[in-house]
Amino acid sequence: MSSPHATAAEPIRVLVVDDQELFRRGLTMLLAAETGIEVVGEASDGDEGTKIAATVAPDVVLLDIRMPRRTGLEACGAIKEAVPTARIIMLTVSDEEADLYEAVKSGASGYLLKDSSIDEVAQAVRVVADGQSLISPSMAAKLIDEFKQMSRPERDHVPGLRLTERELEVLRLVAKGLNNREIAKQLFISENTVKNHVRNMLEKLQLHSRMEAVMYAVREKLLDLP
C-alpha cells in the first residue's frame with residue numbers, strides 16, 4: 001500500500017531539528033530533492049523545533065536526540081502534545097538501549113542512526129508517514145531485552161482485554177521488527193489486513209504506537225519470550 005501522503009499533490013511535510021548545522025543543512029537539501037517529500041522547516045534546538053512544529057504542523061519530524069536547551073527526548077513529548085498527528089523519528093549516533101527505550105516512551109515512531117544513508121532516511125520518512133513504526137530487527141531485540149527487565153515477575157494474571165490469536169501473531173512479528181509488508185508475507189494475508197489488525201490491537205489496548213504495544217505485551221506476558 002502506498003502512503004496517503006505520497007502523491008505529487010500532497011507531499012509528506014518534514015521538519016528537521018538538529019543542532020549540527022552542516023548535518024541539518026545537508027539532510028534538508030537531500031530530502032528536498034526526494035520525490036513526494038517537502039521540507040517545511042528546520043531548527044537548531046528542541047525549543048525552536050517545538051515552536052516551529054506547532055506553527056507548521058509537519059507530518060514527520062526528524063529530531064536529534066542530543067541537543068542544547070531542550071533535548072530531543074524532551075522536545076519529542078512537547079511536539080506530540082502540540083501536534084498529535086506528527087510522526088517523530090529520533091536521529092542519533094547512539095543505539096544505547098536506554099535512549100531507545102526513552103524515545104519510545106516519549107512517543108517516537110522511529111529511531112534512526114545518523115550514519116544511515118539518505119535512501120534509508122527517505123524510506124523512514126515514508127514508512128512513519130504511512131502510520132508504521134520504524135525499528136530495525138537489532139533494535140527490536142534490544143527493546144525486548146529492556147522491556148523484559150522492566151516486566152514485573154509477580155504479575156502472572158491474564159489481562160482482561162484479550163487480543164485474538166491473529167492479533168497476537170501480528171504483535172509477535174511487530175516485536176521482531178517486521179514491517180507490514182513482511183508480516184503480510186509471513187502470515188499470507190494482505191498488507192491492508194495487517195494494518196487493520198494493528199489498528200484494532202492498538203484500540204483494544206488504548207495505545208498510540210506499535211512499539212507501545214510491544215512494551216505492553218512484554219509487561220503483561222502476552223509474548224513467548226526466551
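Trainee: Where is the place of Arg24?

Mentor: Arg24 sits in helix H1. Keep in mind that this is a predicted model.

Trainee: Is Arg24 buried or exposed?

Mentor: Arg24 counts as buried, because its relative accessibility is 7% and the cut-off is under 20%.

Trainee: And what is Arg24 in contact with?

Mentor: Set aside the neighbours within four places in sequence. Then Arg24 is in contact with Val16, Asp18, Asp19, Glu42, Ala43 and Ser44.

Trainee: Which residues of H1 are buried?

Mentor: Arg24, Leu27, Thr28 and Leu31 are buried in H1. They share one side of the helix, because they cover an arc of only 100° around the axis.

Trainee: Why do residues three or four places apart point the same way?

Mentor: An α-helix has 3.6 residues a turn, so residues with that spacing point the same way.

Trainee: What about the other side of H1? Which residues are exposed there?

Mentor: Leu22 and Met29 are exposed on that other side.

Trainee: What do the buried residues of H1 pack against?

Mentor: They pack against four strands: S1 (12–17), S2 (37–43), S3 (60–64) and S4 (87–92). Helix H5 (118–129) is also a partner.

Trainee: How many residues does H1 have, and how far does it reach?

Mentor: H1 covers residues 21–32, which is 12 residues. From its first C-alpha to its last it reaches 16 Å, close to the 16 Å expected at 1.5 Å a residue.

Trainee: You mentioned H5. Which helix is Asp119 found in, then?

Mentor: Asp119 is found in H5. It is exposed, with a relative accessible area of 58%.

Trainee: How far apart are Asp119 and Leu30?

Mentor: In sequence, Asp119 and Leu30 are 89 residues apart. In space they are 9.5 Å apart, C-alpha to C-alpha.

Trainee: Now the whole chain. How many helices and strands are there?

Mentor: The chain has 10 helices and five strands. It has 226 residues, and 51% of them count as buried.

Trainee: What share of the contacts is between residues 24 or more positions apart?

Mentor: That share is 66%, taken over contacts with a separation of 6 or more.

Trainee: Last topic, confidence. What is the mean pLDDT of the chain?

Mentor: The mean is 80, and 81% of the residues reach 70 or more.

Trainee: Where is confidence lowest, and where is it highest?

Mentor: Confidence is lowest in helix H6 (residues 137–150), with a mean of 65. It is highest in S1, at 96. Also look at residues 152–158, where the pLDDT is below 50. Beyond near neighbours in sequence, that stretch has seven contacts in the model.

How values were computed. Residues numbered from 1 in each chain as written. Predicted model: local features only at pLDDT ≥ 70, side-chain atom pairs only at ≥ 80, totals over all residues. Heavy atoms only, no water. Helix = DSSP H or I, 4+ residues; strand = E, 2+ residues; numbered from the N terminus. Buried < 20%, exposed > 50% of the residue type's maximum accessible area, 1.4 Å probe, protein only. Contact = heavy atoms within 4.5 Å. Expected span 1.5 Å × (residues − 1). Arc of directions from axis to C-beta. pLDDT = per-residue confidence, 0-100.
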